[in-house]
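The entries below follow the order in which I looked things up.

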Amino acid sequence: AVVSTQSTGGAMKRVTQLSELLDVPFALIHKERGADGAVSQMTLVGDVVGRTAVIVDDMADTCGTVLKAAGLLKAKGAGSVEAIMTHGVLSGPALDRISKDSCIDRFIVTNTLCQEQNLQSCSKLEVISVTDLLASHILKLVDVR
């Protein structure tokens, strides 16, 4: 496996930390935007050949950028591509894009936003619950006071 991100700044730091924690390599995707704000070019830094590439980011909205990144990873030889996003906004064409995109194998989000309807319309979508994690931290805060 290899962890990757198509974002800059904090996402790159999180991916490098995750890479160290899991003892797997990382690959970074540098993106350039045109005057209209749309991604005009992406460049992969790192080796993904034959590996499962896992794209990690904080939020997925319309999913255009993450699916473009998935296409680049596949084109560069990744065996499979999965995405893990903390917040699945999944607005507009997102679910249709995920469903029809042959480059992405799984799209995983947390339940910070309700995904019940989305799960029914997208077979690639999976949801991880963060309920217990949040509850345990809330209880710690309450116990401190």
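I looked up helix α1 (residues 10-22) and found that helix α1 lies across β1 (2-5), β2 (26-33) and β4 (52-60), with contact meaning heavy atoms within 4.5 Å. Helix α1 runs at about 175° to β1; axes are lines fitted to C-alpha atoms, for helices over the stretch in contact, and angles run from 0 to 180 degrees between N-to-C directions. Helices (H or I, at least four residues) and strands (E, at least two) are DSSP runs, numbered from the N terminus.

I noted that this is a predicted model, in which local features need pLDDT of at least 70, side-chain atom pairs count only at pLDDT 80 or more, and totals for chains, interfaces and linings use all residues. Residues are numbered from 1 along each chain as its sequence is written, and side-chain values use heavy atoms, with hydrogens and water left out.

I turned to helix α2 (residues 64-75), which lies across β1, β2, β3, β4, β5 (80-88) and β6 and runs at about 45° to β3.

I then traced the sheet: seven strands form an open sheet in the order β3-β2-β1-β4-β5-β6-β7, with mixed pairing. Two strands pair if DSSP finds at least two bridges between them. The edge strands, β3 (39-45) and β7 (125-128), each pair on one side only.

I checked β6 (residues 106-110) and found four bridges joining β6 to β7, the two running parallel. Phe107 stands opposite Leu125 in β7.
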